[in-house]
Amino acid sequence: IGDFECPMPSTFRQHDTGTVFSVDPKVAPLLARSGIDVVTLASNHITDQGVDALQETMDLLDDAGVRWFGAGMNLAQARRPAVIDVRGVRFAFVGFNEVPGSRKAGMAAAGVAWLTETNVRTSIAAARKVADVVIVVPQWAWPEYHAEFTARQKQQMQLFWDAGADQVVGHGTHWSSAISI
């Protein structure tokens, strides 16, 4: 599993400054060859290059055989779980973002699944129908650069558990962070 925060536009140009990101489309097949099976697109940078680049990114990942979740051309697609079968055990992944930057997916609007109670409950319920294990992958690092769980993250974890999650793999703090078992 990986956090894939940056779009892969066909108009990719190397940039060395700023915080509007993109990745060379040549990376997509490299992800698959390196053993990455599934990536979250629920992040604050996935729409940095616009909606067309988001679609190109999803298409490139599909072509490479890397499943993705957490973003889409509409809210239904952004909420849809990615499912991986490992020796007969089905793992479903759902993702959410709460860090400012990316567009929020809407009924007819491309973007990321925002970390809201409705999105969490809807996504986890859909994942539970198609999988044995449900893994939630939130980008929840606001504010960034902290190692301990914030009070807000603890509340969100309780929401994930109450909604039926089996595991939470949070990302985005830019630091090694707390682990709860």
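R152 is partly exposed, at a relative accessible area of 43%. Here buried means under 20% relative accessible area, exposed over 50%, and partly exposed in between, with a 1.4 Å probe and protein chains only. The model is predicted, so local features need pLDDT of at least 70 and side-chain atom pairs count only at pLDDT 80 or more, while totals for chains, interfaces and linings use all residues. Residues are numbered from 1 along each chain as its sequence is written, and side-chain values use heavy atoms, with hydrogens and water left out.

The side chain of R152 meets that of E98 in a salt bridge, with N and O 2.8 Å apart. A salt bridge is defined as a side-chain nitrogen of Lys or Arg within 4 Å of a carboxyl oxygen of Asp or Glu. The pair joins distant parts of the chain. R152 belongs to helix α5, whereas E98 sits in the loop between β6 (89–97) and β7 (111–112). The two are 54 residues apart. Helices (H or I, at least four residues) and strands (E, at least two) are DSSP runs, numbered from the N terminus.

The structure holds four salt bridges. One of them pairs R128 with D166, at 2.7 Å from N to O. This pair also links distant parts of the chain. R128 lies in helix α4, and D166 lies in the loop between α5 and β9 (167–168). They are 38 residues apart. R128 is partly exposed, at 33% relative accessible area. D166 is partly exposed as well, at 38%.

Another salt bridge joins E117 and R121, whose closest N and O atoms are 2.9 Å apart. Both residues are in helix α4. They are separated by about one helical turn, because they stand four residues apart in that helix. E117 is partly exposed, at 48% relative accessibility. R121 is likewise partly exposed, with a relative accessible area of 36%.

Helix packing was examined next. Two packed helices are described by the angle between their axes and the distance between the axes. Helix α4 (residues 117–130) and helix α5 (residues 151–163) have axes that come within 9 Å and cross at roughly 35°. Axes are lines fitted to C-alpha atoms, for helices over the stretch in contact, and angles run from 0 to 180 degrees between N-to-C directions. The crossing of α4 and α5 is right-handed, a term that applies if the near helix is turned clockwise from the far one by less than a right angle. From α4, the contact is made by E117, V120, R121 and I124. From α5, L159, F160, D162 and A163 take part. Contact means heavy atoms within 4.5 Å. The contact residues divide into five nonpolar, no polar and three charged. Nonpolar covers Ala, Val, Leu, Ile, Met, Phe, Trp, Tyr, Cys and Pro; charged covers Asp, Glu, Lys and Arg; the others, Gly among them, are polar.

The chain as a whole has five helices and nine strands. From the N terminus on, its elements run β-α-β-α-β-β-α-β-β-β-α-β-α-β. The radius of gyration is 15 Å, close to the 16 Å that the globule rule gives for 181 residues, so the chain is as compact as a globular protein of that length. This radius is taken over C-alpha atoms, and the rule is 2.2 Å times the number of residues to the power 0.38. Along the principal axes, the C-alpha atoms fill a box of roughly 45 × 40 × 35 Å. Buried residues make up 46% of the 181 residues. Of the contacts with a separation of 6 or more, 69% involve residues 24 or more positions apart.

G2 is in strand β1 (residues 2–3). Leaving aside neighbours within four places in sequence, G2 is in contact with V38, V39 and T40. V27 is in helix α1 (residues 27–33). V27 is partly exposed, at 24% relative accessibility. With the neighbours within four places in sequence again set aside, V27 is in contact with F4 and M8.

Most residues other than glycine have a negative phi. R87 has a positive phi, near 50°. R87 lies in the loop between β5 (82–86) and β6. R87 is exposed, with a relative accessible area of 82%.
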